[in-house]
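Me: I am new to this structure. Please take me through how to read it, one feature at a time.

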Amino acid sequence: SFLPCTYAAGVIAGEIPAPRQIVRIAERHAAEVLNPPEGYRWEPERWGKVAEFCAGLSVLNNAGEEVPFNFLPWQHFALGMAVGWVTDGGYPRFREVSIEVARGAGKTLAVLGWVLYNLTTSKGAQIAVICKNARHAVTIWGNKTAELVQMNDLEIGVTLSNSAPGARCREQMSHVGFMVPKPGSLQGLTIRPAYILDEFSEHED
């Protein structure tokens with residue numbers, strides 16, 4: 001529980017600047033770690049596996065140099081809570097997670113690390129990333145994913161599509177698709193195990 005809980009402790013103590021809403025979230029997390037709500041449990045080792053996996057990957061920094069993929073403290077906290085809290089049956093406590101940070105703060109790369117971990121550890125899995133337009137899908141998600149897959153020799157298929165969600169996995173290979181949905185195509189969406197809406201509030205539909 002070191003990384004997510006350490007960030008929470010820093011926020012609560014005022015050592016890490018944060019708005020009131022984040023302080024309340026940190027306080028709730030710290031209280032529930034000590035006294036979990038009925039039906040739920042905190043398993044920080046689940047997030048630890050994601051962080052360890054990503055630390056073994058290489059990414060390109062702004063200077064074009066290969067560096068280890070390390071999460072920032074706020075990323076450990078936000079994604080650590082989403083991954084580490086589960087039900088007594090082992091299912092995710094949070095079915096939906098909303099992350100809102102300033103542009104360029106590392107939101108996409110952080111979520112991409114979680115995506116690559118899930119697709120690498122669960123053969124045949126599929127995740128759909130639904131973007132506001134084709135340019136966003138290609139430049140922000142498609143190119144960055146293809147770059148990381150190639151650099152780290154991962155067995156993951158990458159697909160770009162303008163059609164409605166529902167692309168099939170490649171046989172024996174995990175699959176991530178980046179799609180711009182047609183109007184009304186999100187009705188009855190049943191992508192498993194997850195789908196991601198990136199800046200979708202800006203979608204013209």
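What follows is a short tour by question and reply.

Me: What should I know before I start?
Reply: This is a predicted model: local features need pLDDT of at least 70, side-chain atom pairs count only at pLDDT 80 or more, and totals for chains, interfaces and linings use all residues. Residues are numbered from 1 along each chain as its sequence is written, and side-chain values use heavy atoms, with hydrogens and water left out.

Me: How many helices and strands does the protein chain have?
Reply: Helices (H or I, at least four residues) and strands (E, at least two) are DSSP runs, numbered from the N terminus. The protein chain has six helices and eight strands. Their order from the N terminus is α-α-β-α-β-β-α-β-α-β-α-β-β-β.

Me: What share of the residues in the protein chain is buried?
Reply: Buried means under 20% relative accessible area, exposed means over 50%, and partly exposed lies in between (1.4 Å probe, protein chains only). The protein chain has 205 residues, and 40% of them are buried.

Me: Is A13 buried or exposed?
Reply: A13 is exposed, because its relative accessibility is 53%. A13 sits in the loop between α1 and α2. V23 is ten residues from A13 along the chain, and their C-alpha atoms are 9.4 Å apart.

Me: How is a pair of aromatic rings described?
Reply: Two values are used: the distance of the centres and the angle of the planes. Rings of Phe, Tyr and Trp (its six-membered ring) pair if their centres lie within 6.5 Å; planes under 30 degrees apart are stacked, over 60 edge-to-face, and the rest tilted. By this rule there are five aromatic pairs.

Me: Which residue pairs with Y7?
Reply: Y7 pairs with F77. The pair is tilted, with 5.2 Å centre to centre and 35° between the planes. Y7 is in helix α1 (residues 2-12) and F77 is in helix α4 (residues 73-84).
Reply: F53 and Y117 form an edge-to-face pair, at 5.6 Å centre to centre and 70° between the planes.

Me: Which residues form an aromatic cluster?
Reply: W47, F69 and F71 form one. Take F69 as an example. F69 lies in the loop between β3 (66-68) and α4. F69 is buried, because its relative accessible area is 3%. F69 and S58 are eleven residues apart in sequence, and their C-alpha atoms are 5.6 Å apart in space.

Me: Which side chain does H76 join in a polar contact?
Reply: A polar contact is a pair of N or O atoms within 3.5 Å; within protein, one must be able to donate a hydrogen and the other to accept it, and residues adjacent in sequence count only if both atoms are side-chain atoms. The side chains of H76 and W47 are joined by such a contact, of 3.0 Å. H76 belongs to helix α4. H76 counts as buried because its relative accessibility is 9%.

Me: Where does R93 lie relative to the ring of Y40?
Reply: A charge sits over a ring if NZ of Lys or CZ of Arg is within 6 Å of the ring centre and within 35 degrees of the ring normal. R93 lies over the face of Y40, 4.8 Å from the ring centre. R93 also lies over the face of W85, at 4.9 Å from the ring centre.

Me: What is the volume of the second largest pocket?
Reply: On a 1 Å grid over the protein atoms alone, a cavity is a set of points where a 1.4 Å probe fits but cannot get out, and a pocket is an open set with protein on both sides within 12 Å along at least five of seven lines; lining residues have an atom within 4 Å of a point. Grid points are joined across faces, edges and corners, and a volume is the space filled by probe spheres set on the points. The second largest pocket has a volume of about 660 Å³.

Me: Which residues lie nearest the centre of the second largest pocket?
Reply: I22, I25, A78, S98 and I99 do, out of 20 lining residues. The largest share of the lining, five residues, comes from α4. By class, the lining has 15 nonpolar, two polar and three charged residues. Here Ala, Val, Leu, Ile, Met, Phe, Trp, Tyr, Cys and Pro count as nonpolar, Asp, Glu, Lys and Arg as charged, and the others, Gly among them, as polar.

Me: Which residue has a positive phi although it is not a glycine?
Reply: D153 does, with a phi of about 55°. D153 is in the loop between α6 (134-151) and β6 (156-161). D153 is exposed, because its relative accessible area is 70%.
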